[in-house]
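Please look through the notes below with the structure open beside you.

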Amino acid sequence: MLHGWGTSAELFAPLVEPLQPGRRLILPDLPGFGATAPPPQPWAAADYAHWVSALLDRLGVERCDVIGHSNGGRIALVLAAAHPERVRKLVLTGSAGLRPRHGLGYHARVRSYKLLRGMSRASPLPAALRDAARRRADRRGSDDYRAAGGVMRGTLVRLVNDDVRPLLAQLRVPVLLIWGDRDTETPLRDARVMEQTIPDAGLVIFEGSGHYAYLEQAARFCRVVDAFTRER
């Protein structure tokens, strides 16, 4: 069970008791979150997928079902594409991984942000100007970006620039998509793209739920996942 950005495996706690019977559950804190140290340098999704595969090796697990939420879903998709022999079935809920198509306004804001960030690091400029540019750049960054520091800020940049779209058609495992119809972080249209592109995929929509649909309707989520993973 792979958690999203800025959280930890602790967020899966409401799912443990319902899913535990007859299963061995593995809930790691991904590097940089919870009790696990950050990676040595900024990682991309492929680096996290390799880490998960190495973790399964250490635990003696050859093949398993994988549940991924948000950034954990991005990692799960890369894992299933790179190591199909390791993944039996895949459950994605509010999964990240599809880069949105932005308009000119977005690209103008990105260029403005990069200009301000460059000014904040330009030593020939007066300190007051550098500080003002840094403050303005920080206000323009996302909440996740502002909260991240050091190697994790670079990791976030690499992750959000990973686009798993080219991998979707390569997946050779059954995939269950569980999505909240009010998800604003990974909107329902992303789920529909995945459903249409992945060869063996089905979509279940949780009406009235947002990005954390698996928590908002935990009992229903567990029933659906249980039926999907036990089905032969």
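1. Over the ring of which residue does the charged end of Lys89 sit? In this predicted model, that ring belongs to Phe228, and the charged end of Lys89 is 4.9 Å from the ring's centre.

2. Next, the sheet. It is open and built from four strands, in the order E1-E2-E3-E4, with parallel pairing. Strands E1 (64-69) and E4 (201-206) stand at the edges; each has a single partner strand, so one side of each has no neighbour in the sheet. From one strand to the next, the twist averages 15°.

3. E1 and strand E2 (residues 87-93) run parallel and are joined by five bridges. Gly68 stands opposite Leu92 in E2. In general, strands of a sheet pair through backbone hydrogen bonds.

4. Helix H11 (residues 218-230) lies across E1, E2, strand E3 (175-180) and E4. The helix runs at about 155° to E2.

5. Now the aromatic rings. Counting rings whose centres lie within 6.5 Å, there are five aromatic pairs. In one of them, Trp43 and Tyr48 have ring centres 5.1 Å apart and planes at 85°, so this pair is edge-to-face. Trp43 is buried, with a relative accessible area of 12%, and Tyr48 is buried too, at 0%.

6. Tyr214 and Phe221 form a tilted aromatic pair, 6.0 Å centre to centre with 55° between the planes. Both residues, Tyr214 and Phe221, are buried. Ring pairs also link Tyr214 and Phe221 with Phe12 and Tyr212 into a cluster.

Methods:
Residues numbered from 1 in each chain as written. Predicted model: local features only at pLDDT ≥ 70, side-chain atom pairs only at ≥ 80, totals over all residues. Heavy atoms only, no water. Phe/Tyr/Trp six-rings, centres within 6.5 Å; stacked < 30°, edge-to-face > 60°. Buried < 20%, exposed > 50% of the residue type's maximum accessible area, 1.4 Å probe, protein only. Lys NZ or Arg CZ within 6 Å of the ring centre and 35° of its normal. Pairing = 2+ DSSP bridges. Helix = DSSP H or I, 4+ residues; strand = E, 2+ residues; numbered from the N terminus. Axes fitted to C-alpha atoms, helices over the stretch in contact; angles between N-to-C directions. Contact = heavy atoms within 4.5 Å.
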